[in-house]
Number of protein chains: 2
Amino acid sequence: MNILVVGSVAFDSVKTPFGEAKEVLGGSATYFSVASSYFTPVNLVAVVGDDFTEEHLSVFKERDVDISGLQHSPGQTFRWRGEYGFDLNEAHTLDTCLNVFESFNPQLPAQYKQCKYVFLGNIDPDLQRLVLDQVENPKLVACDTMNFWIENKLESLKKTLERVNLLIINEAETRELAGEANLVKAARKILGWGPDSIIIKRGEYGALMLSDSTVFSAPAYPLESVYDPTGAGDSFAGGVMGYLASTDDLSEANIRRAIIHGSLMASYNVEAFSLERLRNLSSTDIETRFQDFKTLTNFELSPTCFNACK
Amino acid sequence: MNILVVGSVAFDSVKTPFGEAKEVLGGSATYFSVASSYFTPVNLVAVVGDDFTEEHLSVFKERDVDISGLQHSPGQTFRWRGEYGFDLNEAHTLDTCLNVFESFNPQLPAQYKQCKYVFLGNIDPDLQRLVLDQVENPKLVACDTMNFWIENKLESLKKTLERVNLLIINEAETRELAGEANLVKAARKILGWGPDSIIIKRGEYGALMLSDSTVFSAPAYPLESVYDPTGAGDSFAGGVMGYLASTDDLSEANIRRAIIHGSLMASYNVEAFSLERLRNLSSTDIETRFQDFKTLTNFELSPTCFNACK
């Protein structure tokens with residue numbers, strides 16, 4: 001099944017304790033689409049400026065991402081500048097220049113409208129619904145958001161959530177959105193607003209999925225070399241949605257496998273700046289690390305032995 | 001197999017966003033011994049003052065903890081006062097009064113010396129070795145430590161680590177002890193100093209176990225009601241060691257099960273102040289939550305489906 005993704009395509013300037021990258025390709029829709037392209041065909045909706053070159057486009061083309069929905073507008077591409085300290089879980093934004101993204105008006109090419117799997121990246125919730133209005137009969141709608149929309153467009157965000165099956169957000173956003181410190185209570189509150197499931201991204205600690213019927217905890221892959229966490233959350237979402245769309249199976253067991261695939265795509269992404277690692281994976285890389293996650297988390301049930309049985 | 005535990009018995013005054021408790025029973029050896037008592041006989045070495053009453057002793061007695069190694073000294077029992085904000089992973093110490101603990105000289109009753117499983121709670125590393133010197137032929141020695149000893153007695157601590165099989169410490173302590181920000185690298189460095197395995201406690205994110213041959217990630221149990229995280233780390237260690245001693249099986253598969261038992265004992269402990277929940281568990285409580293952890297983490301392998309197979 002094809003995926004439709006709407007979000008940002010950006011140039012990022014990133015500094016981490018392990019190095020620096022200037023004006024490299026980034027953005028939520030970029031990381032998402034490259035990650036999900038390993039599993040299923042992807043249809044991208046985003047906007048770039050006239051500084052976006054053939055070399056940048058080649059990243060999408062080499063992964064067979066459909067970019068007929070990538071608008072080219074006069075002006076500069078969205079730019080983000082940020083840095084990370086040794087706590088790689090938290091990005092410090094130094095500068096955000098929306099540029100052409102400021103007047104982004106997402107329009108779907110005709111052939112995108114029948115996509116069954118839809119990912120609404122972190123954009124204005126009004127625009128998220130504008131995209132949804134153009135999709136004919138989606139099977140699974142997932143979305144992301146951020147503190148800016150929670151603080152400035154909460155009512156609009158809630159309207160979007162009414163139409164969303166799967167919310168994929170980070171831990172702090174979960175607490176802020178619900179206004180509740182306890183993560184489980186916060187998730188339950190949000191589930192009451194529409195989504196069937198919520199996947200909470202916890203950076204190097206993995207992810208937690210909650211629905212009315214189940215809770216699933218997935219670890220992050222413990223890495224000796226983490227260079228740049230930028231895009232990890234979107235690579236995660238790309239892995240989750242890519243796996244779900246490719247298998248077209250929304251059973252709980254398959255959602256759990258999908259989350260592990262999200263976690264493994266994120267683990268590859270953080271091994272290098274920009275998309276340098278994520279764009280160069282083999283299917284063996286993915287299969288091997290999926291097995292590694294099984295080894296990482298596996299334990300066998302066996303009878304518990306108490307004092308009484310000694 | 002019997003367990004020997006040395007550590008603190010204390011009176012804690014704790015404030016969390018969910019309530020307050022004054023001068024309640026606490027201390028590393030207390031939490032550890034009550035948690036491990038559900039699995040195996042426990043021999044306690046610690047010191048209390050003359051303000052320690054029969055009522056306090058009854059907590060150990062009702063769990064059949066051997067307290068012939070609990071010294072009664074003139075003066076006051078060790079006191080700790082601290083509080084937690086909404087981030088329950090971090091305790092803010094307001095006051096520490098060592099009292100009788102300041103001149104603690106751990107001496108093992110004769111019948112303790114053949115214990116095969118030893119847990120050296122967070123005390124002066126000189127004293128940890130003094131205890132070890134009195135144990136005749138231990139099979140598994142585990143220990144904990146804290147930032148104070150890392151900063152003030154590093155060489156002594158390293159001497160202790162040479163004689164330790166299993167180090168159980170928290171995440172920040174791991175990084176500080178190794179002087180290395182990356183957790184996996186930090187753990188590998190510490191393993192080079194003696195321990196066969198290290199279990200890194202990550203609060204509400206669970207635990208990570210590393211040895212030369214394996215890595216295991218265990219989640220924490222996602223709770224809707226967390227009242228007081230005091231003692232969670234020691235309850236965790238008590239569950240791990242109690243399960244290992246009761247099964248007397250140091251295979252990797254069994255160590256993994258032991259860690260899950262540690263995580264579940266910690267999950268019960270944080271549901272109430274002091275030992276109010278931990279001291280009142282049934283074997284059904286333990287078995288049920290062990291099964292719950294399997295449900296929480298389980299995913300099945302199945303063939304990964306890529307673009308190529310569509």
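Predicted model: local features only at pLDDT ≥ 70, side-chain atom pairs only at ≥ 80, totals over all residues.
The predictor assigns the complex an ipTM of 0.92 and a pTM of 0.94. Within chain A, the average pLDDT is 95, and 97% of the residues score at least 70. A stretch of chain A with pLDDT below 50 covers residues 304–310. Beyond near neighbours in sequence, residues 304–310 of chain A have 12 contacts in the model.

The arrangement of the chains was examined next. Two copies of a chain are related by a rotation about an axis and a shift along it.

At the interface, 42 residues of chain B are in contact with 43 residues of chain A. Several elements of chain B each supply at least two residues of the side that touches chain A: the helices α7 (183–191), α8 (232–247), α9 (252–269) and α10 (283–297), and the strand β13 (215–218). The largest share of this side of chain B, 7 residues, comes from α10(B). By residue class, the side of chain B that touches chain A divides into 23 nonpolar, 10 polar and 9 charged residues.

Within chain A, the packing of one pair of helices was also characterised. Two packed helices are described by the angle between their axes and the distance between the axes. For helix α1 (residues 28–36) and helix α8 (residues 232–247) of chain A, the angle is about 40° and the axes lie 7 Å apart. Because of this angle, α1(A) is oblique to α8(A). The crossing in which α1(A) passes α8(A) is right-handed. On the side of α1(A), the contact involves Ser28(A), Tyr31(A), Phe32(A), Ser33(A), Val34(A), Ala35(A) and Ser36(A). These residues meet Asp234(A), Ser235(A), Ala237(A), Gly238(A), Gly239(A), Met241(A) and Gly242(A) in α8(A). The residues of this contact between α1(A) and α8(A) comprise 6 nonpolar, 7 polar and 1 charged.

Terms used: Residues numbered from 1 in each chain as written. Chains lettered and ligands numbered in written order. Contact = placed C-beta atoms within 7 Å. Helix = DSSP H or I, 4+ residues; strand = E, 2+ residues; numbered from the N terminus. Nonpolar A, V, L, I, M, F, W, Y, C, P; charged D, E, K, R; others polar. Axes fitted to C-alpha atoms, helices over the stretch in contact; angles between N-to-C directions. Parallel < 35°, antiparallel > 145°, perpendicular 65-115°, else oblique. Left-handed = near helix turned anticlockwise from the far one by under 90°. pLDDT = per-residue confidence, 0-100.
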